[in-house]
There are 2 protein chains.
Amino acid sequence: MDKLCFPLLLLLLLVQLCMQLAASYSTVKFLPGFQGPLPFELETGYVGVGESGDAQLFYYFVKSEKNPREDPLLLWLTGGPGCSAFSGLAYEIGPINFNVVEYNGSLPTLHLNPYSWTKEASILFVDSPVGTGYSYAKTPLASQAGDFKQVQQVDQFLRKWLLDHPELLSNPVYIGGDSYSGLVVPALVQQISNENEEDIKPLINLQGYILGNAATEPTVEENSKIPFAHGMGLISNELYESLKMGCGGEYVNVDPKNEVCLNDIQAFSKLTSEIEGAHILEPRCPFSSPKPRESSRKRRSLNVNEQSQEFLVPEPPLPTIGCRTYGYLLSYYWNNDYNVRKALRIRLGSKGEWQRCNFGLPYAREIHSSFSYHVSLSTKGYRSLIYSGDHDMMVPFLGTEAWIKSLNYSIADDWRPWILHSQVAGYTRTYSNRMTYATVKGGGHTAPEYRPAECYAMFQRWINHDPL
Amino acid sequence: MDKLCFPLLLLLLLVQLCMQLAASYSTVKFLPGFQGPLPFELETGYVGVGESGDAQLFYYFVKSEKNPREDPLLLWLTGGPGCSAFSGLAYEIGPINFNVVEYNGSLPTLHLNPYSWTKEASILFVDSPVGTGYSYAKTPLASQAGDFKQVQQVDQFLRKWLLDHPELLSNPVYIGGDSYSGLVVPALVQQISNENEEDIKPLINLQGYILGNAATEPTVEENSKIPFAHGMGLISNELYESLKMGCGGEYVNVDPKNEVCLNDIQAFSKLTSEIEGAHILEPRCPFSSPKPRESSRKRRSLNVNEQSQEFLVPEPPLPTIGCRTYGYLLSYYWNNDYNVRKALRIRLGSKGEWQRCNFGLPYAREIHSSFSYHVSLSTKGYRSLIYSGDHDMMVPFLGTEAWIKSLNYSIADDWRPWILHSQVAGYTRTYSNRMTYATVKGGGHTAPEYRPAECYAMFQRWINHDPL
């Protein structure tokens with residue numbers, strides 16, 4: 001290499017690096033499948049976290065449609081672990097929804113969600129942990145994920161992102177999520193709080209957190225499935241009484257010699273095995289994270305390493321229209337479309353097939369209970385909204401109520417219905433430690449997906465410091 | 001009166017009487033609001049029962065669409081007391097349903113119910129007790145009704161009707177109904193059985209009975225509302241525990257000195273007062289038995305005696321479209337139309353305004369529990385199907401399960417899911433005494449109205465002696 005060439009090459013590399021950094025986020029004005037320009041402000045991008053930014057976390061940022069300068073900023077994590085932030089964006093609390101019609105080969109279309117929480121707050125939907133959605137690792141090492149790593153990385157993500165968006169540095173910040181995020185979010189709130197206390201910059205104007213049907217103490221939640229199923233009429237009184245007697249209320253850590261209890265648990269499992277866990281009244285349909293035939297065919301060319309597996313594992317059946325999961329299926333067709341990825345500014349070659357939920361992540365489940373984080377956070381005075389879709393059997397409301405009770409907070413405003421349009425939308429109770437609990441009547445595991453109007457009203461009231 | 005005139009007048013009277021008798025039932029080929037000829041056989045008519053037939057019970061008879069010569073005959077009573085058989089016909093198990101669209105002054109229209117139980121059985125929908133629907137009393141004395149009188153009259157009705165339809169005399173006969181009929185139907189089955197034993201003609205080929213969300217032991221059912229509401233997440237665990245402790249499980253007959261219990265019951269009532277009792281997840285809407293403005297205006301001219309009351313009682317608000325009760329509202333417009341009444345062969349001047357549920361009936365509630373009838377009927381070997389829409393708080397499934405348990409029948413086929421189209425439609429258990437219990441998952445107070453496909457499958461299997 002001659003003397004002239006080397007500095008030129010270096011310059012070229014620097015320019016490339018700068019461009020990549022400059023291009024790390026973009027405003028998205030149009031989305032394929034959505035007619036006309038987006039009537040909300042959407043930014044997508046990547047933030048590199050972890051060792052030399054080897055974990056590239058993708059996000060969707062939707063600006064508050066009210067007063068983005070002052071409205072809170074909510075960072076939202078979908079559960080799984082491994083479910084894309086897109087689920088939050090397009091099925092739960094974000095501004096778009098699919099038009100759920102039979103797929104005919106053309107791109108699924110989108111419409112506005114009138115109950116988007118972005119009418120009240122700016123929301124950062126983050127594909128985390130790495131490997132989720134469009135997030136990717138640059139090295140095999142960086143693809144390793146786990147609860148604590150996720151906490152570190154999302155914390156780092158938020159600080160970096162805020163530095164890139166200094167105009168939002170003073171906005172109140174909330175962290176939210178549902179399902180598995182119940183284990184991660186409180187630890188993340190704690191981490192942010194700790195770093196604030198250590199005066200690590202930028203200081204984050206952390207106000208509190210929101211959790212829906214949140215995993216908190218998996219044993220408590222697993223145990224609560226039995227009284228829940230009984231209350232909902234899925235098991236007989238006799239089996240319930242026998243379970244209580246024989247197992248002493250403990251259905252997870254059972255003495256292997258306790259045959260009565262084990263048999264009863266087996267009977268319970270059989271009786272509920274065909275029930276849709278996310279909402280006991282909805283039809284049970286094929287997979288929540290489908291691999292549609294077309295895109296898996298596509299994947300063969302995108303991801304050579306998985307080819308062999310592809311031929312061994314039989315294709316699961318596809319959901320039919322009328323299934324809630326059919327709406328999920330559409331997300332595969334949409335997200336694996338070239339123009340969609342281009343519109344979202346997905347880095348070419350960064351990701352093979354997009355999956356709604358990637359359950360094959362290398363992920364260490366390290367937080368076995370987030371109870372202690374709640375205890376700690378409450379002493380620090382953070383606000384919290386804990387809600388439960390009351391027809392969810394994955395994390396039943398009874399489980400959530402059980403750990404809340406264990407917190408031993410005094411009650412500020414006791415159990416009462418909360419109302420929307422003169423109808424009981426659920427029940428709520430407020431605790432002295434700025435914690436609000438609410439059920440969403442008729443809601444499922446991801447309550448805003450099942451009861452959008454009610455959950456929007458709940459969020460709107462809570463985020464504005466109004467009683468539910 | 002001269003000698004010639006008298007016999008002529010007598011003849012005229014006789015002819016008139018014969019005509020009235022001959023005209024006591026008719027085949028209805030067309031119904032206003034339903035396009036084209038009816039694709040099922042509908043007969044309507046009156047049967048005079050009680051003292052010299054002074055109580056004229058109106059009925060709709062729909063012939064089985066399968067094999068009417070052999071299929072069972074089901075006599076169906078709607079509850080209330082005072083709710084018209086038309087509710088069973090047009091909202092629950094009969095062959096027609098309203099097209100529920102906004103009323104614009106023209107006659108509400110009808111479509112076929114694909115899940116009509118008449119695909120498996122002939123059904124006699126009877127407007128009973130007298131005063132209900134189109135049934136009427138010829139004398140003030142005959143308008144007095146009560147449980148035992150109803151039992152006598154429906155029994156008499158059935159015998160008379162069968163004598164008029166001798167071709168059905170050998171068909172298996174079932175008696176069915178829901179809600180309040182749970183008190184009357186078992187007594188009626190007992191009555192028919194007794195008369196069969198006494199060899200009273202015509203012998204009725206009585207096989208069994210069907211009851212849905214049936215009032216049986218009102219105290220048991222009232223008490224069951226509290227654990228039901230708790231299981232469904234409507235009251236807090238703390239209130240539930242306090243109720244159990246303070247009231248000792250007895251929430252009806254409370255010691256007036258037991259203030260803790262009384263306060264808790266009051267709290268319970270307040271928490272659930274805005275819940276729709278017939279289905280806890282549905283919106284609570286104005287009245288189940290509405291008086292639409294138009295028809296109540298009409299009523300003023302039809303029923304002079306109620307005029308004064310009309311001006312004192314303020315009009316209740318009308319339900320809006322989207323309310324289940326809006327569908328009920330349509331029945332008022334339809335049934336109070338001149339051409340509809342003509343098509344149904346309603347006797348002119350026999351009835352003022354038709355009401356879906358006439359709660360103003362003079363009615364003596366005499367049967368305070370039908371438990372003993374079940375005990376007696378089971379020893380006689382009658383089949384029974386007892387089902388519960390599991391989201392009904394008026395007669396919760398827990399109450400029904402409680403009295404069934406008290407029967408102390410041995411279990412033939414224990415609690416298991418019953419399946420329709422690969423989905424859990426509910427749970428079922430069979431007892432040795434030919435009693436089948438079934439829950440209808442997601443069903444309300446009148447389960448076939450909420451889960452028509454599931455309830456049709458349940459009925460079809462049971463009536464054909466197949467397991468659910």
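Contact here means heavy atoms within 4.5 Å. This is a predicted model, where local features need pLDDT of at least 70 and side-chain atom pairs count only at pLDDT 80 or more, while totals for chains, interfaces and linings use all residues. Residues are numbered from 1 along each chain as its sequence is written, and side-chain values use heavy atoms, with hydrogens and water left out.

Start with the place where the two chains touch: chain A brings 32 residues and chain B brings 33 residues. About 2900 Å² is buried between them, with carbon and sulfur atoms giving 53%; that is the accessible area (1.4 Å probe) the two parts lose on being put together, summed over both.

Four salt bridges cross this interface, each a side-chain nitrogen of Lys or Arg within 4 Å of a carboxyl oxygen of Asp or Glu. To see a salt bridge up close, find Arg429(A) and Glu238(B), whose side chains meet at 3.0 Å, N to O. On the chain A side, the residues touching chain B split into 14 nonpolar, nine polar and nine charged. Ala, Val, Leu, Ile, Met, Phe, Trp, Tyr, Cys and Pro count as nonpolar, Asp, Glu, Lys and Arg as charged, and the others, Gly among them, as polar.

Now look inside chain A. The axes of H6(A) and H7(A) come within 9 Å and cross at roughly 145°; axes are lines fitted to C-alpha atoms, for helices over the stretch in contact, with angles from 0 to 180 degrees between N-to-C directions. Helices are DSSP runs (H or I, at least four residues), numbered from the N terminus. Among the residues making this contact are Leu239(A) and Leu243(A) of H6(A), and Ile265(A) and Phe268(A) of H7(A). By class, the contact has nine nonpolar, two polar and one charged residues.

Notes: Chains lettered and ligands numbered in written order. Helix = DSSP H or I, 4+ residues; strand = E, 2+ residues; numbered from the N terminus.
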